[in-house]
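Visitor: Could you take me slowly through one part of this model, the pockets, and tell me what surrounds them?

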Amino acid sequence: MELDAQDLKQGLKFIVGTWQVDYLVNAFSNDLAHIPATEFKSDDGRDFSAITYEFFEDHTLVMKDTSTGKEEKGTWEQTGYGSFHYTLGAFMDLPQGAVLDAVEKLEMRDGTWLVFALGFLAVALKKVADGVVTEEKKTDIGDLPGDDSMKEIVGTYEVAMAKSFNGSEFVLMSKEEVLEDLEKRAVPEEERRMYLMAFETRTEFTDDHKVITWMKIPAGVPKEEIDKAIASGELGEVKDGWFCPEGAKEWKAVDGKYYYDTKEHRELFGEIQSSWDELKVGGGMIEYADGMLVLKKV
């Protein structure tokens, strides 16, 4: 299995830290019960809870036996998703061969334990302390200065194409194509507005780097209701039969490309991701909303 950068990063975060033997399983037992490490004792009264491993981000490790004070240093590597291999100067005086090979292979179990085989025993380690993993400093578009000389996108745009369901998949379609498809599939009239809502919006990129979404005020709404909604702030800003249903976003140009802040909270494997997306611009058109819309300047 070929590991990508994200697999390696997750593996590093998982393994770095201190691990202690938590329980053992005897492969010859009838019920494969988990035997607590403190209850599995050697002839001299020692138990496996004295064994700890400390893995470091530089791919070194230290194995300790706290009952004897013995320490062994070594190295480790990730060999698969949830699979690791380590090598020590010595380990419980085991000779080279199949038994040692099995001991040196660690497998993640249930996202909590690391397990290796010692003869007929399965030995499960549990993390008892997190280690230090240096966080990679990422440069976010939001932290970079914008190029104020780039103003090509300033203006108001209507939706030229929107991703719409055609009965089998979501594809980019113009309003005319959506109407034709709805007619072809005999979609009930009361459902058609849902398909056409995207075409009832406009997006404005202002000279002062704001992104404002406008929605058309539905036809037939009495003026007094509109005035009441404006007074209460329900409609936000209103202009020429359009209202602003949400707060303004921000756009900027960096290194010859345009970006906007979606204001979305994004995480990937627990890591905060940038809320800024690139705006693909060309020929008076902008690919917007993660490709869900194609905007055309009006």
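Guide: In this predicted model, the second largest pocket has a volume of about 390 Å³. Its lining is made up of 16 residues, and among these Glu136, Lys137, Lys138, Glu271 and Ile272 are the closest to the centre of the pocket. If you look for the elements that contribute two or more residues to this lining, you will find α1 (5-15) and β19 (271-273). Sorted by class, the residues around the second largest pocket are nine charged, four polar and three nonpolar.

The volume of the largest pocket is about 490 Å³, and 27 residues line it, with Ala198, Tyr288, Ala289, Met292 and Leu293 lying nearest its centre. At least two lining residues come from each of β10 (155-165), α4 (189-196), β12 (201-205) and β22 (293-297), and β10 provides the largest share, namely five residues. By class, the lining of the largest pocket holds 15 nonpolar residues, seven charged residues and five polar residues.

Leaving aside residues up to four places away in sequence, Thr112 touches Phe14, Trp19, Leu125 and Lys126. With Phe14, the separation along the chain is 98 residues, while the C-alpha atoms of Thr112 and Phe14 are 8.9 Å apart in space.

Key: Residues numbered from 1 in each chain as written. Predicted model: local features only at pLDDT ≥ 70, side-chain atom pairs only at ≥ 80, totals over all residues. Heavy atoms only, no water. Contact = heavy atoms within 4.5 Å. 1 Å grid on protein atoms, 1.4 Å probe; cavity = no way out; pocket = protein on both sides within 12 Å on 5 of 7 lines; lining within 4 Å. Points joined across faces, edges and corners; volume = space filled by probe spheres on them. Helix = DSSP H or I, 4+ residues; strand = E, 2+ residues; numbered from the N terminus. Nonpolar A, V, L, I, M, F, W, Y, C, P; charged D, E, K, R; others polar.
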